[in-house]
Amino acid sequence: MTRTALVTGGSRGLGRATALALAADGADVVVTYVRGAAAADEVVTMLEQGGGRAAALELDTSAPETFAAFAAALGSVLDGWGAPGLDVLVNNAGVAGSTPLGGTTAAAVDALYAVHVRGPVLLTQELAPLLVDGGHVLNVSSGLTRFVGAPAYSVYAAMKGAVEVWTRYLAKELGPRRIAVNTIAPGATSTDFAGGVIRDDERYRAMIEGASAMGRVGEPDDVGRAAAAIVSSSLSWATGQRIEASGGQSL
Ligand SMILES: NC(=O)c1ccc[n+]([C@@H]2O[C@H](COP(=O)([O-])OP(=O)(O)OC[C@H]3O[C@@H](n4cnc5c(N)ncnc54)[C@H](OP(=O)(O)O)[C@@H]3O)[C@@H](O)[C@H]2O)c1
């Protein structure tokens, strides 16, 4: 039976790369988007050209009031594919956010909480009935929970820390269903994230390169392939774990 996967924020960046890597491993993949409908459609076309089935659905993970309707839409896609459920859920969607001491607003903190913590928690709860026993949940954290980067990322990193703690509890809750729940923690990776600074700013890249065991910043495929490996059947016995894919940043 072909595996099915959902990647939130699969229209760009790490989510897109994860969707492509999962499809390369033979999965049928649903990606979600907020503003990037056209980009998500391009991902769907690429996935279908690779021989798999694919779909794009709109989902704002900071809007939990939409999750029940989203679950119904996802269920319809899976039914249309004749799939018994969802094998892999990747909670990837996210945004950068700057919260310097002295310049942090309640709205900025709430926005980071909504997309990085509340969204994955409530979306996973909504989708849990669709997950097949023996499946995988992969939550996307950050290397910034292990090492301290720019201080303005304090709240962003704290939210990712919350994701890692929640991952361990969820692993225990879903363990009786043999669902593996893990965290992938990417290092600095070349995407649109934070205005594309990691991809476009030579000085920033040089700083990361100098602090990295592998001597370069990450490319989306580096993280996408790692994510696909973590949710493969080979790692079904690993649960409640944080796996960093950063090329050895700030070791
Ligand atoms: N890049 C890095 O260096 C890095 C490092 C560590 C962790 N991460 C984490 O990796 C994840 C992906 O980051 P990225 O680098 O791929 O960023 P990206 O290139 O900016 O892509 C962000 C993706 O998230 C979606 N998204 C944004 N806000 C959303 C919301 N409210 N609801 C649903 N989807 C939303 C976007 O959808 P639309 O385009 O359709 O709006 C897009 O698909 C994030 O959780 C980020 O915190 C990134």
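1. The ligand is surrounded by 32 residues, a residue being counted if one of its heavy atoms lies within 4 Å of the molecule. The closest are Arg12, Val34, Asn92, Tyr156 and Thr191. This is a predicted model, in which local features need pLDDT of at least 70 and side-chain atom pairs count only at pLDDT 80 or more, while totals for chains, interfaces and linings use all residues. Residues are numbered from 1 along each chain as its sequence is written, and side-chain values use heavy atoms, with hydrogens and water left out.

2. A polar side-chain atom of Ser11 is 2.8 Å from a ligand oxygen atom, and a polar backbone atom of Val34 lies 2.7 Å from an oxygen atom of the ligand. For Thr61, a backbone N or O atom is 2.8 Å from a ligand nitrogen atom. The ligand taken alone exposes 900 Å², of which the protein buries 96%; these areas come from the Shrake-Rupley method with a 1.4 Å probe.

3. Which elements give two or more residues to the shell around the ligand? They are α1 (13–24), α4, α5 (154–174) and α6 (193–200). Helices (H or I, at least four residues) and strands (E, at least two) are DSSP runs, numbered from the N terminus.

4. Seven strands form an open sheet with parallel pairing, in the order β3-β2-β1-β4-β5-β6-β7; two strands pair if DSSP finds at least two bridges between them. The edge strands, β3 (54–58) and β7 (242–245), each pair on one side only.

5. Within this sheet, β1 (residues 4–7) and β4 (residues 86–91) pair in the parallel sense over three bridges. Leu6 stands opposite Leu89 in β4.

6. Helix α4 (residues 106–127) lies across β1, β4 and β5 (131–140), running at about 170° to β4. Angles run from 0 to 180 degrees between N-to-C directions, with axes fitted to C-alpha atoms, for helices over the stretch in contact (heavy atoms within 4.5 Å).

Conventions
A polar contact is a pair of N or O atoms within 3.5 Å; within protein, one must be able to donate a hydrogen and the other to accept it, and residues adjacent in sequence count only if both atoms are side-chain atoms.
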